Structures are given as structure tokens and as C-alpha cells.
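Please examine the sequence and the structure shown below. The report that follows describes selected features in turn.

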Amino acid sequence: MTQFQIIVQDLTKTYRVPEREPGLKASIRSLYHKTYREVPAVKAISFRIEAGERVGFIGPNGAGKTTTLKMLAGLLHPSGGEALVAGFTPWQRKPDYLRQIAMVLGNKSQLMWDIPAHDTFRVLAEIYHVPASQFDATLGELVDLLDLGDLLSRPVRNLSLGERMKCELAASLIHHPAVLFLDEPTLGLDVSMQRRLRKFIAEYNRRHNATVILTSHYMADVVELCPRVILIHHGELLYDGPLAGLSEKLAPFKLIRLALREPIDGNLPEGIHIVSQENGSLTLRVERRDTAAITAQLLRTLPVIDLSVEDPPIETVIDQIYQEGAI
Amino acid sequence: MNHRGGLALIEQTWLSWMQHRSFFFLLAFGWMVPPLIYLFVWSTAAGGGTIGGLTRGEFVAYYLVLIVVNQLTYAQTNWTVGDLIRDGRLSKLLLYPMSPLYNTLATELAGKVVYMIFAIPITAILALVLRPELHLSAGQVIAFISALGLAWLLRFFWGYWLALLAFWITRADSLLALQDALIFLLAGQVAPVALLPGVLKTAAIALPFRYMAGFPVEVLTGQAAGVDLVTGFALQIGWTAAAIMLYLALWRRGVRHFTAIGG
């Protein structure tokens, strides 16, 4: 039987938000008579994740990703439903549970600002009761994997955003969490730093079989890191499966890019949509199942220098879902 | 309870604060000014005689001890608890397998050490110049240390439960400002409590504020003795217990509220 690290059943969160009309009169009335509105953030979602999986939570802003993540990390009490993470109910916040997880919030820091990161790591080791020998080994590994080197001895406020983020990640791993929640870990980082962090997360996951759940608006994070994605929109689970499947399901077409010796005159074969055309290059959209036949036909009939067949960019696919709100 | 993590946190917070010691020295200097003003007012007024049974030298002793006691018991950390709740940084602390109270205690204790590095030498110099009059017995010193410890506990937890109201009220720290004002008036800063007029004196004895600063000073200078001393300790212990119970009740409800609405 497969051992699930995370089991989520009908997890629901509804926020109660105070509401009042604009203006002075309404603000005085709201002093003694408050009205609230129920805002559903997560609507009865269910999924299971095995130990060692890397799963990407995707969805537009306000979809309910962070709310779900916060419930799984024990920071939010759900309005309904159940969850078991590493055998614990997260929102009971038992110390034994908290020792098994880590959460990295891309926009919040857990490092002490005025002292070197190395000192914060020592405090964390004490908080999590990490034995000295294990601490040294873990730190050595993290320094190696993240190339932390002399960063650790400089006050955190003197580090760049990217350097700080590397230290944040290291700080969250000092106690070897079995489950890692990463909320926008690459927020605001440049492309090469993003790539580096992704490589690190993948390597850490491989070495320690840690379960990783990641939210990100950078599709590259998800493409490279997450064999499985869970798509949430308006609090509902729209898709759970491999990223490629999402693209096939949603975008049943391929893009053919052509470089031509001379501009074409006359019509293209039936069933081809021109996406863009400039000078000698042409981008066409064709039905997935017709791709082979149409490619052969194009090669026969047009003065082709170069031809490539591609999947539509994942950003386009995702944008389509975000806009339409359905698959 | 996770004392091991708490101790490490205290040590690091102290190191972190030492980076800004000049800022904290200035803060400590600011807190020193009002008692110093009243030191000069009362010792000048007493001149060669006595007021309410206190001589010039005894006023000097009272206020010099008050300067140190006030700094030792002032729970400045409570001002930051509200921010922690309001801007959601509390979430980060709730992820640790350790009570967030440790975090507040860490800054509190770290601060005390930094302030004392400043306050003790300054008070010692003032004592050399102003010649205080203080007759100490071993019993007084022991009673003083107990009263001082309780005063810190009371002032800390009283401010802490007020600060925790930030779970429900947006600007709970205005209540901390009110607490400071009441301490200024009723905890022996404007004048030793024994010198306060009728109603104010009764209020000062009954309410918790005297037991946060003035009472330990009265114990050391011998103003609180006999029955006064016993009832004083009884009230101090009672108020401290009340403050801790209020903290525990509000903390539990507050975290439940916080995790219901999200940080």
C-alpha cells in the first residue's frame, strides 16, 4: 500500500470579512452594528501526495493557493474538511508536527536582520533540538549545495535579495523537514538565481526524499520542478496531474514555426491558423492530430529553410485558464 | 516548553541589539529624564528640612533607585507585540515548535542588559555627586529583590495582555500609552505614593501600577514597612497572578482568532 504523506479531504476555508459602505455615516454605524460577508477562499478540495513528491500549486492571484498552504502548515484553521500531514492534523500545531515541516514565504524573512545568518542557524538548531553533529553535517551540505561560503558570516541586512533567499532556504532546512512548503520562493529573483534555487530544491528533494509543495507565478519554476501540478481557481481544484497533460487537455493544438526563402502567395491548406507572419518567418497553429500531415504538406509545397513544431508556451495555456476560469 | 530554544534566542537577540547600542542608550536616557526632574524638584523643595518625613538625601536615594527600577521593569517589548499581530509576522513565529512568548521574552531580557550597561554607571555617578541617604538592612535588600522580580513580571504580563488585544482591536497599543501615563502618576514617579493626596493615594495602593515600579523602591528605602509591606506584597502577588491569567486566556483565544482569520 502506498504511504501518503499528505491527505486532504474536502478542505474548505471561508473568511468572514467585515463590510461597510464608504463614508462617515456608514463608518459610525459600523461601530455598533458590524456586518460581515462570507468569502469562500477554498471550496472542498481533496488530493493526496506521496512522500518525496514535488507538487506545484498553480492558479491566479486570490485562487486559494496560499490559504491551502497555510492550512497545511497549521497557520490557518479550516472552516471544514480534514487534512493529515505526516500523520498529524496540521492546525493542532503539535510541536512534533512543527518539527517535521518548514515553510518558506518568499515575501517574509525568518532571519535576524542584524546578525550573520550563521547565528540564526544556531538558534534554529536549538529551537528544533538538532544535535551538534547533525547540525554541522547539514550546514556543510547546505553550504556546498547553495554555495553559501562567506555569506554566512555577513550581517543579513548586507546581503542582496538573492543571497538572502539562499540563506532563507538554508534556514528552513536546518532541521531536515520531511515536508517543505514553498510559497513563491523565487519572488523577485533574477533568472540565474531562480535557476540555481530550482536546482537546489530538486537536489535536496532527491537526496532526502522530502515532499515539496510549491506555489509560484513563474511557470519555469513549475515546469522544471514539479512533475505534478494542482491547479486551483476560485477556490476549486480544476486539475490534478502532470503539467504536460494540462497543456494537452487545454490546448489541443501545436505551433509550427517556419523560416521561408520568400514570402508565400496564395492560400495555405485548410485547418491552419496563422498566428504571426513577418518577413520570411511564419508561425502557424494546427490541430494536434493533424500536425504530421500538415507538416509534410508544408515541406512539399513551400520554400522552407527551417521548420520546427512546438507545444504552445505554458504561460499561454495557463493564462487561458485564468481568464476563462475553467478547463 | 522549549527552554533550550528560548535561551539560544535570548543570546542571539542580545547580540543583535548590541549592534544598535547607541540607539538603546538614547532610549534609556529618555526614560531617565522624568524621574531626574522630580529628583531635583523634591530634593530642592525639601532643602534642609523634611517633606512627608523625607529629607533631601532620602528623596535623592528614592529617585536614584527609581531610575534603575523603572528601567529594569519597563516592558518596552510589549510595544512591538501589536505590530507582530497586525502585520502577520506572528505567522512566522507560530511555525516554530516553541511558544512565541519566548520571542518577546528574548527581546525583553536582551534589552535589560543593554539598558543596564548605560543606566548603572550613570546612576552611580549621580549618586557620587548628589549624596543619597540610604540605610540598608539585609532583610530590606532581600525583600527588595523579591519585589523587583514581581514588579517586572507584573509590568511585563500586564502590558502583554493589553498588547494581545491587538488580535481584536486594530490599535491596542494606545492602551499601553494609557498604562504608561497611569504608572507615571500612580507608581511613585511624580511623587512617592505616601505623599499623594487622599483619593489618589487610595487609588495608587489599590491599583496594580504602584507594584510595577514604586513599590520595590519603597521597600528598599524603608518607606514600606510592617503592615504596609505585607499588604503591599499581597497586592503585588495578586495583581501578578491576575495579569498572568489574563495573558493565558487572551493568548489562547487570540491564536484561535488569528488562525481563523489568517495572518
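## A residue in a loop of chain A

Leu148(A) lies in the loop between α5 (132–146) and α6 (161–173) of chain A; helices (H or I, at least four residues) and strands (E, at least two) are DSSP runs, numbered from the N terminus. The model is predicted: local features need pLDDT of at least 70 and side-chain atom pairs count only at pLDDT 80 or more, while totals for chains, interfaces and linings use all residues. Residues are numbered from 1 along each chain as its sequence is written, and chains are lettered from A and ligands numbered from 1 in the order in which they are written.

Is Leu148(A) buried or exposed? Leu148(A) counts as buried because 20 other C-beta atoms lie within 10 Å. A residue is buried if 20 or more other C-beta atoms lie within 10 Å of its own, exposed if 12 or fewer, and partly exposed in between, with C-beta atoms placed from the backbone. Not counting residues up to four places away in sequence, Leu148(A) touches Leu142(A), Val143(A), Lys166(A), Cys167(A) and Ala170(A); contact requires C-beta atoms, placed from the backbone, within 7 Å. Between the C-alpha atoms of Leu148(A) and Thr295(A), 147 residues apart along the chain, there are 49 Å.

## Contact between the chains

Chain A has 24 residues in contact with 21 residues of chain B. The elements giving two or more residues to this side of chain A are α3 (95–98) and α4 (117–127) of chain A. The largest share, five residues, comes from α4(A). The predictor gives the complex an ipTM of 0.80 and a pTM of 0.82.

## Helix α6 of chain B

| Feature of α6(B) | Value |
|---|---|
| Residues 101–130 | 30 residues |
| First C-alpha to last | 40 Å |
| Kink centred on Met116(B) | about 35° |

The expected span is 1.5 Å times one less than the number of residues, and the bend at a residue is the angle between axes fitted to the seven residues ending there and the seven starting there. Buried residues of α6(B) include Tyr102(B), Tyr115(B) and Thr123(B). Among the elements covering the buried residues of α6(B) are α1 (3–18), α2 (21–46) and α7 (138–164) of chain B. Just after α6(B), Arg131(B) takes a positive phi of about 45°.

How values were computed
Contact = placed C-beta atoms within 7 Å.
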